[in-house]
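The sequence and the model come first.

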Amino acid sequence: MEQFTIDENGHCVIPAGTIEIGESAFADRYSLKSVEIPSSVTSIGNDAFAYCSCLRSIEIPSSVTSIGNEAFAHCSCLRSIEIPNGVIEIGKGAFAGCSALQSIEVSQDNKCFMSQGNCLLSKDGTMLLWCKTSVIPEGVTTIGDYAFWGCKNLRSIKIPSSVTSIGNEAFACSGLRSIKIPGSVTSIGDGAFICSALQSIEIPSSMTRIGKGAFGSCYNLKSIELPSSVTHIGDEAFAYCKGLQSIELPSSVTIIDNSTFFGCSGLQSVRILHGVIEIGEWAFLGCESLQSIEIPSSVTSIGDRAFLKCKNLSSLTLHYKEPIDLSPKLVAELPISDKITLHVPVGTGDAYRHHLEFSKVKEVIDNVR
């Protein structure tokens with residue numbers, strides 16, 4: 001990879017004849033404050049200027065056709081940027097985490113992109129790539145990956161009914177506190193709200209997919225209602241949501257993926273409706289405040305350490321008609337101890353009391369109907 005010289009004033013002149021600014025060419029070059037790009041350059045690679053935290057200005061020549069993924073990500077001093085008419089490709093998160101960036105202006109002659117209402121959009125207005133406002137323009141169908149990444153001053157957002165999907169890490173690490181997702185949205189991408197300040201969210205009945213880590217480390221999120229339309233919840237979707245107190249998983253969800261509620265230290269009760277067949281590894285590991293959990297008879301598999309370190313669990317409700325219906329592997333992963341009061345179907349109490357493993361519980365009550 002070609003090394004470019006930065007002078008004592010933090011300025012760099014890229015030599016004439018250079019065609020490409022390669023991947024990570026200036027990444028983490030904290031001394032870089034300004035750069036001159038010759039008209040021979042056609043491509044700015046992935047992470048080319050990522051984490052150049054002192055870069056204040058840059059002029060992209062009209063010869064450039066491609067700006068790579070996270071090309072200017074986390075350039076925290078960059079205040080404005082102009083996209084020339086020749087650019088036909090802008091990668092994911094190209095301007096993610098540019099906290100001082102106030103505007104992106106696109107040449108009116110550009111055939112692929114446009115700027116509107118302080119937002120960077122595809123030319124047809126359906127894809128939102130970057131935005132610095134709390135009102136998303138009408139006509140947007142996709143909130144792109146990293147679109148609002150690190151927008152610390154964002155408190156609320158108005159999403160038009162034209163939007164059908166929210167991309168990966170779209171609102172990650174933002175100051176967003178509340179959001180109402182319109183009924184047109186069917187999917188939330190991986191890490192969509194991870195590490196945000198989210199306190200409340202309304203999920204519509206149109207939602208089918210919640211991506212991996214979608215709400216991870218949303219420490220202030222206290223409750224969430226999942227509609228019966230949701231069929232997939234990704235790994236770590238709610239991991240480290242320490243303020244989350246209760247959750248009911250609808251019957252439409254068949255698998256609770258690995259680490260879904262890992263480290264939800266404030267979670268007190270979980271109700272799993274009939275239809276779930278698998279509880280993944282570490283699904284509830286470290287849920288220290290969890291007091292009760294209800295498991296339907298549809299569950300046939302529980303992963304390793306699914307309930308490890310749930311030290312305050314005192315009530316376990318099982319819907320299996322007979323303990324013989326449970327496989328030895330499943331029984332081995334159940335949170336059974338002498339602190340547990342076990343609730344089982346009416347008329348099955350003796351069968352559970354005489355079972356080798358379930359005989360270890362504090363008490364068996366056959367009151368489940």
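## Cysteines

Cys241 is buried, at a relative accessible area of 0% (buried means under 20% relative accessible area, exposed over 50%, partly exposed in between, with a 1.4 Å probe and protein chains only). This is a predicted model, in which local features need pLDDT of at least 70 and side-chain atom pairs count only at pLDDT 80 or more, while totals for chains, interfaces and linings use all residues. Residues are numbered from 1 along each chain as its sequence is written, and side-chain values use heavy atoms, with hydrogens and water left out.

A disulfide is taken as a pair of cysteine sulfur atoms within 2.5 Å. The count by this rule is one disulfide. Its partners are Cys119 and Cys131, with sulfur atoms 2.2 Å apart. The pair links distant parts of the chain, twelve residues apart: Cys119 lies in strand 11 (residues 119-122) and Cys131 in strand 12 (residues 127-131). Cys119 is buried at 0% relative accessible area, and Cys131 is buried at 0% as well. For Cys52, the closest cysteine sulfur is that of Cys75, 5.2 Å away, which is too far for a bond. Cys52 is also buried, at 0% relative accessibility. Cys241 is in no disulfide; its nearest cysteine sulfur, in Cys218, is 5.2 Å away.

## Nonpolar cores

A nonpolar core is a set of buried Ala, Val, Leu, Ile, Met, Phe, Trp, Tyr and Cys residues joined through side-chain atoms within 4.5 Å. The largest has 78 residues, and those touching the most other members are Ile143, Phe148, Phe171, Phe193, Phe215, Phe261 and Phe284. Elements that each supply at least two residues of this core include strand 11, strand 12, helix 1 (328-333) and strand 28 (341-345). A second, separate core has 38 residues, among them Ile6, Cys52, Leu120 and Trp130.

Beyond its neighbours within four places in sequence, Phe261 is in contact (heavy atoms within 4.5 Å) with residues including Phe238, Leu244, Ile256, Phe284 and Cys287.

## Whole chain

The chain has two helices and 29 strands; these are DSSP runs numbered from the N terminus, helices being H or I of at least four residues and strands E of at least two. Its C-alpha atoms fill a box of roughly 85 × 40 × 30 Å along the principal axes. Of its 369 residues, 52% count as buried. Among contacts with a separation of 6 or more, 26% involve residues 24 or more positions apart.
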